[in-house]
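Welcome! Let us take a walk through this structure together, one part at a time.

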Amino acid sequence: MSDDSDSDHSFGDWVENGSDSVKCLICEQSFNDVPEAIVHCSKDHSFDFSVAKRKYNMDFYSYIKCINYTRTQVQEDENFNPSTLFELDSQPWNDDKYLSPVIKDDPWLMIDIDDVIEEDKSSESGYTVNFENNQFTLSSEHFSHIQNKIQTVTKQLELKEKELADAHSQIDQMKDTLTKILSARPEDSINTASTINLEDDQGYFGSYSSVDIHYEMLKDKVRTESYSSAILLNASSFNGKTVLDLGTGSGILSMFMAKAQAVKVLAVDEADILYNAMDNFRENGYDDIIVPIKGRIEDVTLPVEKVDAIVSEWMGYFLLFESMLDSLIFARDKYLNKNGIMLPNECNLFISGISDTDRYNEILGFWSDVYGFRMPSLRTETLNKAQVEIVPIEHIITEEYKLCSFDMYTCDTNSTNFKVKFKLNVNKTCSMTGIVGYFDSVFDNENPVTLSTAPYSPPTHWKQTVFLLPDPISVNKGDMLVGDFQCVRNIKQVRSLIVTITINNKIYTYNVS
């Protein structure tokens, strides 16, 4: 309630150095005290605070806002009619900007409306206000009461200022995002990599703080044993080395590396599961080898300049969902030694045609009769979202086609955006109901290991990603289906993907999220 030059004054100084007289809110007339001015406003301007207090259940803050609002209106609007203000159903002063005083050291703001309007209450509480020799004195209780009020208002103003600053920041972010969306051309989206901010990642890292998701990954024997074999069967490559475990999670990969005689393992994770990993390191006697580091790799500072190897289980559904590849590339470019090792070092993305009319009808046919009602819009929503499930090998009806390969030593953040032509050789006459995507990860060392998520391999927690066709396609054995497959990041949710498949001049779009 004062500018910076007054910030060192005490409340007592503020009171004693107040105005010599109390100016009316409406006219130029002055009075000895606020109660006298309130009586004048009611009598001469039909501006009755006792009416307002009862009608609007006015409290201390409403009173302050009303005073500053009234002064503002009187200054800005020569036609302002105060007599009608308290006839309104709304409270036009109900805006926190009116907590700031219009007049410095305004005596109106130093008086609690309860003390002035409700005289009985004031006398009972011992609150007294006496004016003498152009100064006024307060009872100690009243003085303490007003001090508390001022402290409350000050804290509230500080909070509102912070909220306003945050709101401005969010608006700027929204403007920036909207500008990118409106200015982006479809052909540009292939070559544009999005930046993932920490604010956008709270839900993502929050999900990985749950024990359930780590239980699912750890009990995935294909996944976990592939990493174990790739590390322990090639232990000589890591003996005495410094290793970065990116996205350590439960810490299992760090402990494999410690078991392989790595001299130091830096276990980095932003998710709170890291605290559980720390317990796991201590429980297994590796807390002197494994160094837990909480935070995003983009934000933390490692205790070493370079590492000899980076291990990470970064792959998501359809390989690229979740976009953790960006963090891996950041870590590689900043911390990996020139001849360092990446685990895995190569990933390949494949598609095949499938025919499963029973499953197709189960997923999509459901919306044709929902307890006697048709729900076609929900069928469309289902079609637009890729399905993650296990595809039995007998439903694969084409040879597989490799869409692309990712060399972990050379790929960049734009690698997740690609468009390729594909050819699917049909080996069965039937009705093709969709296309299935899957990947493998290669650990190419002295004793190579390949982790596959293909339908013909043992199932993993990644399962496969199915893109259902709106209308099944009749195919014959020996046919060759030619089309385009495009994958781009979803600009609205940068960890998810938008896949566009073109077959027989028909375009189908899917969300992988």
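We begin with a sheet and then turn to the nonpolar cores.

Please keep in mind that this is a predicted model, in which local features need pLDDT of at least 70, side-chain atom pairs count only at pLDDT 80 or more, and totals for chains, interfaces and linings use all residues. Residues are numbered from 1 along each chain as its sequence is written, and side-chain values use heavy atoms, leaving out hydrogens and water.

Look for an open sheet of five strands, ordered E7-E6-E5-E8-E9 with parallel pairing. Strands here are DSSP runs (E, at least two residues) and helices are runs of H or I with at least four, numbered from the N terminus; two strands pair if DSSP finds at least two bridges between them. At the edges sit E7 (290-294) and E9 (336-343), each pairing on one side only. Strand E5 (residues 242-246) is joined to E8 (residues 307-312) by four bridges, and Leu246 has Ser312 in E8 as its bridge partner.

Now for the nonpolar cores: sets of buried Ala, Val, Leu, Ile, Met, Phe, Trp, Tyr and Cys residues joined through side-chain atoms within 4.5 Å, where buried means under 20% relative accessible area (1.4 Å probe, protein chains only). The largest has 85 residues, and Phe467 and Phe485 touch the most other members. H11 gives this core its largest share, six residues. A second, separate core of 33 residues includes Val22 and Phe49.

How values were computed: Buried < 20%, exposed > 50% of the residue type's maximum accessible area, 1.4 Å probe, protein only.
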